[in-house]
Amino acid sequence: MRRDHRGLRHIREAKRNQTILFVILLIGLTVWSAIGTSFNPVALWGGIGNVTRFLFVDLLPPNTSKFPGLIDPALDTIYMSFVAMILGSLIAGVLALFAAATTSPNSALRVLIRGFSALLRNIPVIIWTILFVASFGLGNLVGLLSLLLVSVGMLVRCYADSLEEIDMGQVEALRATGAGYWAVLTQAVLPQFLPSFIGWSLFNLEINVRASTIVGMVGGGGLGFAIQSGIKLFQYKEVSMAIILVLIIVLGTEFLTSRVRRRLI
């Protein structure tokens with residue numbers, strides 16, 4: 001009993017020492033990062049007045065007279081996000097069949113496609129936009145292509161993971177009857193995969209709507225371009241109107257996709 005008691009005490013002391021060491025390391029890392037970023041609470045407090053003045057004098061209230069001129073950029077934002085989602089989900093859906101261990105006919109092809117999708121999604125969308133602007137110039141096409149590439153990269157990973165989580169009992173049962181690859185795919189795999197396909201595609205639409213603003217600010221069109229133009233011209237009340245439209249579109253997209261998701265999945 002004494003040995004057990006000593007052993008438990010030793011384990012508790014070791015855990016306590018580990019916790020103390022972790023807290024010390026966390027505090028040290030926080031202080032080091034704050035010094036590296038020149039974080040100064042005094043300067044932060046002193047700047048609250050300027051921030052408040054900018055928000056409630058320069059930025060707000062929004063200039064509602066600019067609303068008609070922002071309708072077309074708002075529609076462009078929705079168009080780019082939706083088309084990128086549709087094309088991205090179709091392309092990614094095909095690629096995911098060869099990227100999932102349960103459906104890929106070749107392991108080397110699976111690794112290749114997963115690596116390709118990782119490349120697409122790990123390069124930020126703003127980098128893709130800058131590259132396309134240098135190639136195609138400013139415009140909605142640039143924004144669409146940037147969102148499309150990132151959508152494909154993300155959806156291939158999500159779709160492939162979903163395909164690897166399907167019930168293999170149905171697949172094995174069809175294979176036991178002598179069914180071929182495409183028969184197994186259409187009768188056992190795709191019916192199970194369809195809810196995940198719809199869910200991830202709708203989620204990607206929400207991401208595209210948010211990302212389209214950043215894309216537009218570097219030349220991809222839409223409301224992001226209108227925001228960037230207003231900032232350069234110091235038209236902050238027009239910028240606030242555009243920001244409100246972005247917020248409405250984002251919230252509206254989330255509401256609609258959640259309703260569609262509940263009805264279809």
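**Aromatic pairs**

I searched the whole structure, a predicted model, for aromatic pairs and got four. For the search, rings of Phe, Tyr and Trp (its six-membered ring) pair if their centres lie within 6.5 Å; planes under 30 degrees apart are stacked, over 60 edge-to-face, and the rest tilted.

I looked at Trp 200 with Phe 203: this aromatic pair is edge-to-face, with 5.9 Å centre to centre and 70° between the planes. Both sit in helix 9 (residues 181–220), and because they are three residues apart there, about one helical turn separates them. My helices are DSSP runs (H or I, at least four residues; strands are E, at least two), numbered from the N terminus.

Trp 200 is partly exposed at 31% relative accessibility, and Phe 203 is partly exposed at 34%. The cut-offs I used: buried is under 20% relative accessible area, exposed is over 50%, and partly exposed is in between (1.4 Å probe, protein chains only).

I also noted a cluster in which ring pairs link Trp 128, Phe 132 and Phe 136.

**Helix 4**

How many residues does helix 4 have? I get 33, reaching 45 Å from the first C-alpha to the last, close to the 48 Å expected at 1.5 Å a residue. That expected span is 1.5 Å times one less than the number of residues.

Where does helix 4 bend? I find a bend of about 25° at Gly 93, taken as the angle between axes fitted to the seven residues ending there and the seven starting there.

I then looked at how helix 4 (residues 67–99) packs on helix 7 (residues 140–163): the angle is about 35° and the axes are 6 Å apart. Here axes are lines fitted to C-alpha atoms over the stretch in contact, and angles run from 0 to 180 degrees between N-to-C directions.

Ala 74 lies in helix 4 and is buried at 10%. Its C-alpha is 9.4 Å from that of Ala 226, 152 residues away along the chain.

**Two loop residues**

Gly 221 is in the loop between helix 9 and helix 10 (223–232). Is Gly 221 buried or exposed? Buried, at 9%.

Leu 233 is in the loop between helix 10 and helix 11 (236–264), and I have it as exposed at 59%.

**Bookkeeping**

Residues are numbered from 1 along each chain as its sequence is written, and side-chain values use heavy atoms, leaving out hydrogens and water. As the model is predicted, local features need pLDDT of at least 70 and side-chain atom pairs count only at pLDDT 80 or more, while totals for chains, interfaces and linings use all residues.
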